Amino acid sequence: MRLDFSDAFLLHPNPTMSYFDLQINGYAGTDFCSLDMTLEQMRHACDAIRMDGIDGILATIITDSVEALSAKLEKMVRFREEDAVIREMVKGFHVEGPFLSPEPGYIGAHPAKWVRPAGIDDAKRLLEAGNGLVRLMTLAPEFDEGAATTRYLVSQGVTVSAGHCNPDLETLERAVDAGLSMITHLGNGCPVTLPRHDNFIQRALSLSDRLWLCFIPDGAHVPFFALRNTLKMIGLERTIFTTDAIMAAGLGPGTYELSGEPVVIDAAGVARRPGSPNLAGSTIRGHQVVANLQTELGLSREEVQRVYGDNPRTALGLKN
């Protein structure tokens, strides 16, 4: 589907800023998680992302079999080599799964049948398929025995993030000691209802001086009042914002796909798997992130640049 993104620069508060999004699963009708994605579709998504004011991304794929994930990575590596715009926009890949928690709620929109404990051999296969471009991997620390896979990934220059998980504090601290340095979309990838105090969100916040904390600022994943409260607590120094966009970003209500399975978008633009209370990525666009950070959270242009440009690049070891 071809879309008119001509409104993007008109809505973008400052097109001269340099934004970077480390978690985009798809955009403007293209699903990066699809085995059937074509070069033309990926190029169309990159064009739309760039028009929305984002200068670089990590193309993100979610839980699938290791074989399928490898095939998806190999395809995107090839597309980068063949198309200059894709190469310019896609600075690397974010592999979110399959080393996640299969527990209801924590697994979110990921297909539980493909979840598996973290293992170095599987991790090596994914890194090889990504041809050195896997920059970020999300896993569940409680399913990484002895933090061995985390330690290996960090040794290979990959940023490791905890997400879709429920490690106790000791396990999370052990993972951080092994090199885990980020939390994927904090406040999400967990059940709608949690224990009041001893929960993963609070455990992650207790280590906020050692972790990059990522949030989705669409008002649905974390209500803006709660996000304002969190920012008062942790500050901006280690805060990162992302769209976590899926193929429905820029489209509208309807039924779309995420990694081959349906996602329903309601009238408010909120994405869910059919019949599930959990969210399934977002439909927010890049310029809407910028607008929300300014109008809903009261950030200045320089602060937006920090949390949606400089911080994600720094966390990944990329040049600002």
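**Pockets, rings, cysteines and backbone**

User: How do the residues lining the second largest pocket divide by type?

Analyst: The lining of the second largest pocket splits into 11 nonpolar, 10 polar and three charged residues, where nonpolar means Ala, Val, Leu, Ile, Met, Phe, Trp, Tyr, Cys and Pro, charged means Asp, Glu, Lys and Arg, and the others, Gly among them, are polar. The structure is a predicted model, in which local features need pLDDT of at least 70 and side-chain atom pairs pLDDT 80 or more, while totals for chains, interfaces and linings use all residues. Residues are numbered from 1 along each chain as its sequence is written, and side-chain values use heavy atoms, without hydrogens or water.

User: Which residues lie nearest the centre of that second largest pocket, and how much space lies in it?

Analyst: Ala268, Gly269, Val270, Thr283 and Ile284 lie nearest the centre, out of 24 lining residues, and the space comes to about 310 Å³. A pocket here is an open set of points on a 1 Å grid over the protein atoms alone where a 1.4 Å probe fits, with protein on both sides within 12 Å along at least five of seven lines, and lining residues have an atom within 4 Å of a point. The volume is the space filled by probe spheres set on the points, which are joined across faces, edges and corners.

User: And the largest pocket, what is its volume?

Analyst: The largest pocket has a volume of about 730 Å³ and is lined by 36 residues, with Gly187, Asn188, Cys190, Ile201 and His221 nearest its centre. Its lining divides into 18 nonpolar, 14 polar and four charged residues.

User: Which helix gives the most to that lining?

Analyst: Helix α8 does, with three residues. Both α8, residues 200-206, and α9, residues 224-234, supply at least two residues each to the lining of the largest pocket. Helices are DSSP runs of H or I with at least four residues and strands are runs of E with at least two, numbered from the N terminus.

User: Switching to rings, how many aromatic pairs are there?

Analyst: There are two aromatic pairs, a pair being Phe, Tyr or Trp rings (the six-membered ring for Trp) with centres within 6.5 Å, called stacked under 30 degrees between planes, edge-to-face over 60 and tilted for the rest. In one of them, Phe215 and Phe241 have ring centres 6.1 Å apart and planes at 45 degrees, so this pair is tilted. Phe215 sits in strand β9 (212-215) and Phe241 in strand β10 (239-241), so the contact ties together parts that are 26 residues apart in sequence.

User: Are Phe215 and Phe241 buried or exposed?

Analyst: Phe215 and Phe241 are both buried, meaning under 20% relative accessible area with a 1.4 Å probe and protein chains only, against over 50% for exposed and values in between for partly exposed.

User: What lies over the face of Trp212?

Analyst: Arg238 does, at 4.6 Å from the ring centre; the rule asks for NZ of Lys or CZ of Arg within 6 Å of the ring centre and within 35 degrees of the ring normal.

User: How many disulfides does the structure hold?

Analyst: The structure holds zero disulfides, taking a disulfide as a pair of cysteine sulfur atoms within 2.5 Å. For Cys46, the nearest cysteine sulfur belongs to Cys33 and is 14 Å away, and Cys46 counts as buried at 0% relative accessibility. The sulfur of Cys214 is 12 Å from the closest cysteine sulfur, in Cys165, which is too far for a bond, and Cys214 is likewise buried, at 1%.

User: Backbone next: where is the cis peptide bond joining a glycine to a proline?

Analyst: Gly97 and Pro98 are joined by that cis peptide bond, with omega about 15 degrees. Pro98 belongs to the loop between β5 (90-96) and α5 (120-129). Asp64 and Pro98 are 34 residues apart in sequence but 6.2 Å apart in space, C-alpha to C-alpha. Asp64 lies in the loop between β4 (54-62) and α3 (66-82) and is buried at 11% relative accessibility.

User: What is phi at His164 and at Asp244?

Analyst: His164, which is not a glycine, has a positive phi of about 50 degrees, and Asp244 also has a positive phi, near 50 degrees. His164 falls in the loop between β7 (159-162) and α7 (169-177) and is buried at 5% relative accessibility. Asp244 occupies the loop between β10 and β11 (254-258), where this aspartate is buried with a relative accessible area of 6%.
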